[in-house]
Amino acid sequence: MKISILDDYFDTVRTLACFKKLDGHDVTVWNDHVQDTDALAARLKDTEGLVLIRERTKIQAPLLERLPKLKLISQRSVYPHIDVDACTRHGVIVSSGMHADTPSYATAELTWALILAAARQLPQQMASLKAGKWQIGVGTTLRGKTLGIYGYGRIGATVAGVGKAFGLNVLVWAREESLARARADGYATAGSKAEFFASCDIISLHMRLVAATRHIVKAEDLARMKPHAILVNTSRAPLIEAGALAAALRGGRPGYAAVDVFEDEPMRDPNFPLLQFEQVVATPHIGYVTREEYELQFTDIFDQILAYAAGKPINVVNPDVLPRTALRA
């Protein structure tokens with residue numbers, strides 16, 4: 001089977017133990033990022049199985065129309081970057097495990113790195129020291145503050161547990177089923193969304209990006225936050241209304257932000273509005289980018305390829321394609 005792996009920026013995938021699962025297949029790994037349809041069509045013209053690393057490359061109808069040999073897209077997690085209906089029309093199976101039972105410790109760890117960096121002004125203090133200066137300000141102690149977890153899933157629950165260990169008071173806001181789970185775990189839950197945003201010293205977003213959660217955080221929510229509060233987003237940028245966070249920071253509520261995600265990625269614009277704020281800590285979507293997390297993710301991705309090759313595809317998100325798809329290695 002001819003397999004292409006896109007966007008492996010640091011040529012990491014072929015060094016993973018799980019890469020041996022693809023022994024016997026014809027595998028090509030691309031290390032740069034390309035979104036141009038013509039360029040992708042040329043690269044992938046003979047590809048039968050396409051491996052995507054999260055949402056780095058959009059797979060839309062104009063590209064799919066030019067890939068007659070493509071039979072399978074294998075990836076992990078959500079798929080807003082894939083035109084699933086177009087895949088079904090062209091007979092392409094999309095396999096994507098949701099890994100609901102596997103906490104992303106890597107993302108939870110980065111969430112805490114960002115919280116601590118924002119609270120203690122670590123980037124600014126480091127820049128000052130490297131510039132031959134000394135302390136540039138006074139940070140904030142976390143213990144005793146209120147940590148808000150918006151979305152109590154596998155990552156949100158892990159972040160909450162670390163918050164408890166730090167001595168923070170954890171407050172959760174989420175859909176009712178998740179609120180019940182949070183209460184069962186011993187955490188307080190907010191009475192309303194407005195109360196949640198007004199009460200917390202730190203708010204960390206932990207939701208999947210789906211139609212119901214797109215722009216779920218609005219300008220009026222941010223305006224309720226405390227002037228010293230920190231808004232953290234290691235999930236997806238479109239959970240927040242476009243432009244709302246930059247406007248809120250200009251207005252002084254919240255006072256700080258720590259983000260790992262952007263509307264359009266890769267984001268290489270040094271003039272991007274959020275990057276102009278001294279009170280913003282930002283990283284280039286590295287929440288899941290650890291060798292251990294890659295091993296977990298690509299084990300699932302490659303298992304999906306092996307299942308397809310065996311004629312028994314798994315984690316199929318467009319099952320309507322199956323009756324008219326000829327499975328072949």
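Q: Leaving aside neighbours within four places in sequence, which residues is Leu222 in contact with?
A: Leu222 is in contact with Phe197, Val217, Leu231, Ile240, Ala244, Leu245, Ala248, Arg253 and Pro254. Contact here means heavy atoms within 4.5 Å. A word on ground rules: this is a predicted model, where local features need pLDDT of at least 70 and side-chain atom pairs count only at pLDDT 80 or more, while totals for chains, interfaces and linings use all residues. Residues are numbered from 1 along each chain as its sequence is written, and side-chain values use heavy atoms, with hydrogens and water left out.

Q: What makes a set of residues a nonpolar core?
A: The members must be buried Ala, Val, Leu, Ile, Met, Phe, Trp, Tyr or Cys residues, joined through side-chain atoms within 4.5 Å. The largest one here has 56 residues, and Val172, Phe196, Leu222 and Leu245 have the most contacts inside it. Helix α4, residues 105–119, gives the most to this core, with eight residues. Another core, of 21 residues, lies apart from it and includes Cys18 and Ile305.

Q: How do you know whether Leu116 is buried, exposed or partly exposed?
A: Leu116 has a relative accessible area of 30%, so it is partly exposed. Leu116 is also found in helix α4.

Q: What about Arg236, buried or exposed?
A: Its relative accessibility is 11%, so Arg236 counts as buried. Arg236 sits in the loop between β10 (230–233) and α10 (244–251).

Q: What makes the pairing of the Arg236 and Glu55 side chains a polar contact?
A: The value is 2.6 Å. A polar contact is a pair of N or O atoms within 3.5 Å; within protein, one must be able to donate a hydrogen and the other to accept it, and residues adjacent in sequence count only if both atoms are side-chain atoms.

Q: Why is Ala258 called buried?
A: Its relative accessible area is 0%, so the label holds. Ala258 is in strand β11, residues 256–259.

Terms used:
Buried < 20%, exposed > 50% of the residue type's maximum accessible area, 1.4 Å probe, protein only. Helix = DSSP H or I, 4+ residues; strand = E, 2+ residues; numbered from the N terminus.
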